[in-house]
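Consider the model shown below.

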Amino acid sequence: MGPIDALWHLVNLFLPAAMLAALASALAKVIWRSELKSVAWWRLCKAAALAAGAATVAGLLLLGQDGKMVTYAAMVLASAAALAWAGFGPGRR
């Protein structure tokens, strides 16, 4: 495998986490418009992306491969927890 192929593997590994974070952050900003007015979208997205990425890596290490439904469920739960922390909890600032 060449370096370009390795790069594409990494991009495709973390792309679902990044897309989930972007969509979940945008929807949170729309649904809780007044409550999240003071929190920047990028801040919510960063927290959700880091949490979903960590869940992806944990699923890869624990299950031996990526793309399992359990890993995707863990990504959703981790993103929701990170959004709650960054939007409503102590990470709000």
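A patch is made of residues with over 30% relative accessible area and no salt bridge, in which like charges are joined within 9 Å and nonpolar side chains (Val, Leu, Ile, Met, Phe, Trp, Tyr) within 5 Å. A salt bridge, in turn, is a side-chain nitrogen of Lys or Arg within 4 Å of a carboxyl oxygen of Asp or Glu. Accessible areas follow the Shrake-Rupley method with a 1.4 Å probe, and for residues only the protein chains shown count as cover.

The model is predicted: local features need pLDDT of at least 70, side-chain atom pairs count only at pLDDT 80 or more, and totals for chains, interfaces and linings use all residues. Residues are numbered from 1 along each chain as its sequence is written, and side-chain values use heavy atoms, with hydrogens and water left out.

On these terms, Ile 4, Leu 7, Trp 8, Val 11, Leu 15 and Met 19 make a nonpolar surface patch of about 590 Å². Leu 15 belongs to helix 1, and its relative accessible area of 41% makes it partly exposed (buried is under 20%, exposed over 50%, partly exposed in between).

The chain contains three helices and zero strands, where helices (H or I, at least four residues) and strands (E, at least two) are DSSP runs numbered from the N terminus. The order of elements is α-α-α. The C-alpha trace spans about 50 × 25 × 20 Å along its principal axes, and 28% of the 93 residues count as buried.

There is one aromatic pair in the structure. Trp 32 and Phe 88 form this pair, edge-to-face, at 5.8 Å centre to centre and 85° between the planes. Rings of Phe, Tyr and Trp (its six-membered ring) pair if their centres lie within 6.5 Å; planes under 30 degrees apart are stacked, over 60 edge-to-face and the rest tilted. Because Trp 32 lies in the loop between helix 1 (3–31) and helix 2 (41–63), and Phe 88 in the segment after helix 3 (69–87), the pair ties together parts that are 56 residues apart in sequence. Trp 32 is partly exposed at 39% relative accessibility, and Phe 88 is partly exposed at 42%.

How values were computed. Buried means under 20% relative accessible area, exposed over 50%, partly exposed in between (1.4 Å probe, protein chains only).
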